[in-house]
Amino acid sequence: MTTTRTLPRLVTLGAALAFVAAACGGGGGASTGPGGSGGTGAAAWTPDATLLAAAKSEGTLNVIALPRDWCGYGTMLDNFKTKTGLALNEITPNAGSGDEINAIKNNPNGGPAAPDTVDVGFSFGEANKALFQPYKVATFDSIPADQKAADGSWFADYYGVLSFEINKDIIKGDSPKDWKDLLDPKYAHSVALAGDPLNSNQAIQSVEASSLANGGSLDNAQPGLDFFKQLVTAGNFVPTVAKQGSLVSGETPIVITWSYLALADRDKLKGTVNIDVVIPATGKFGGIYVQAISKTAPHPNAAKLWEEYLYSDEGQLVWTNAYCYTSRYADLVSKGVISGDLKAKLPDVTGTVFPTEAQLTASKTLISGSWASVTGLGPLKTPPPAP
């Protein structure tokens, strides 16, 4: 399904630029993961025996906000369970960054609702460092310095870019190649967002991305709001939060969503629905997420073991195979772990831009606050779950 993870997930410009460069081409009192720094070049991951024993004494890993169709997390979770024998408590998979932070704050004494780890946007990581337990995974040194906190309290994991996911069984002929193409009358009643701009980060950033292609900038998202007003006036915008079901049925045959979600849908639906994925020629907009371990994690050793798996070569390849660019991408390419067909399958992200925290915060305030008055739309309809 086309999953919406709500609330802002933000990045710094420096970290983002380093990510793009990689894709196109220790201090501070933290504990350090077993095995030292750097990787071995081997894809297979074997849990450290001491850490595994400690994690097994805890028995369970609590994760939160990890949809199984998001960046390969279903495979990641299943592999981890098989390799470690730990039970998994998957708390509110469709939660957002703010929900994750609140889950830590609201459950300081542990329990089934207390997450061990979080996957949040940059600003949530930095702003909530006091809630996190610094920990350096074995491959910590291979994560670029501007994609991690020096003390290991958070470290970047992956990113994608906004794209057009198109049901070609409904949209005949040429697919839209850029944002302005979405205004073409042949796309009447066709274009939808994967979230509501009143509360969805993915949708808010979609509006912000469109501004870049319509005379705006990272400091001025108003042209994006005006663009969506044009889509509404033209009759091309569908006021429904798009899901895989609405894409397949033709209710929302063109969905603006993260590239890795669209490409995963394309693979999953192959042979049933013909899906085209287009990264727009202009307004290429990316977002990075980061990992952290809760300082009050009820299963701290299981949390460390989970992070070790995520940042192992094997874990990084799970994300990469799900079309996500990872923080260790450059390291894995240099070692030949990512090459050939796998490297070629990733989307071209040349020219992708990443706003700063301040820019995204300002855009969120503008877009969520002005969406209704500019477009004339209230909250978008959410389709019922598939039967």
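Where is the place of Leu77? I looked it up and found Leu77 in helix H3.

**Ground rules.** I am working on a predicted model, in which local features need pLDDT of at least 70 and side-chain atom pairs count only at pLDDT 80 or more, while totals for chains, interfaces and linings use all residues. Residues are numbered from 1 along each chain as its sequence is written, and side-chain values use heavy atoms, with hydrogens and water left out.

**Confidence.** I checked pLDDT, the predictor's confidence in each residue, from 0 to 100. The protein averages 88, and 87% of the residues score at least 70. Over residues 1-15 the pLDDT is below 50, yet this stretch has 89 contacts in the model beyond near neighbours in sequence. Contact means heavy atoms within 4.5 Å. Residues 35-41 also stay under 50. For residues 35-41 I noted 14 contacts beyond four places in sequence.

**Overall.** I noted 14 helices and 11 strands. These are DSSP runs numbered from the N terminus: helices are H or I with at least four residues, strands are E with at least two. Of the 387 residues, 58% count as buried. Buried means under 20% relative accessible area, exposed over 50%, partly exposed in between (1.4 Å probe, protein chains only). The protein exposes about 13800 Å², and carbon and sulfur atoms supply 54% of that area. The areas come from the Shrake-Rupley method with a 1.4 Å probe; for residues, only the protein chains shown count as cover.

**Leu77.** Back to helix H3, where Leu77 lies. Leu77 has 0% relative accessibility and counts as buried. I listed its contacts, leaving aside neighbours within four places in sequence: Val63, Leu66, Arg68, Leu88, Glu90 and Trp306.

**Disulfide.** Which residue does a disulfide join to Cys71? I found Cys324, at 2.0 Å from S to S. The cut-off is a pair of cysteine sulfur atoms within 2.5 Å. Cys71 sits in the loop between strand E2 (60-64) and helix H3 (73-84), and Cys324 in the loop between helix H11 (313-321) and strand E11 (325-326), so the bond ties together parts 253 residues apart in sequence. Both Cys71 and Cys324 are buried. The structure holds 1 disulfide.

**Helix H6.** I tested the length of H6, residues 201-212. Its 12 residues should span 16 Å at 1.5 Å a residue, and the end C-alpha atoms are 17 Å apart, which agrees. The expected span is 1.5 Å times one less than the number of residues. Why is H6 largely enclosed by the rest of the structure? Because 11 of its 12 residues are buried. Among them are Asn201, Ile204 and Glu208. The packing partners of these buried residues include strand E6 (155-167), helix H7 (222-234) and helix H14 (357-375).

**Ser368.** I then moved to H14, which holds Ser368. Ser368 is buried at 18% relative accessible area. Ser368 touches Ile204, as well as Pro197 and Leu198, not counting residues up to four places away in sequence. A polar atom of the Ser368 side chain lies 2.6 Å from the backbone oxygen of Lys364.

**Asp151.** Last, I looked at the loop between strand E5 (135-136) and E6, where Asp151 lies. Asp151 is buried, with a relative accessible area of 19%. Its side chain makes a polar contact of 2.9 Å with that of Ser153. The term means N or O atoms within 3.5 Å; within protein, one must be able to donate a hydrogen and the other to accept it, and residues adjacent in sequence count only if both atoms are side-chain atoms.
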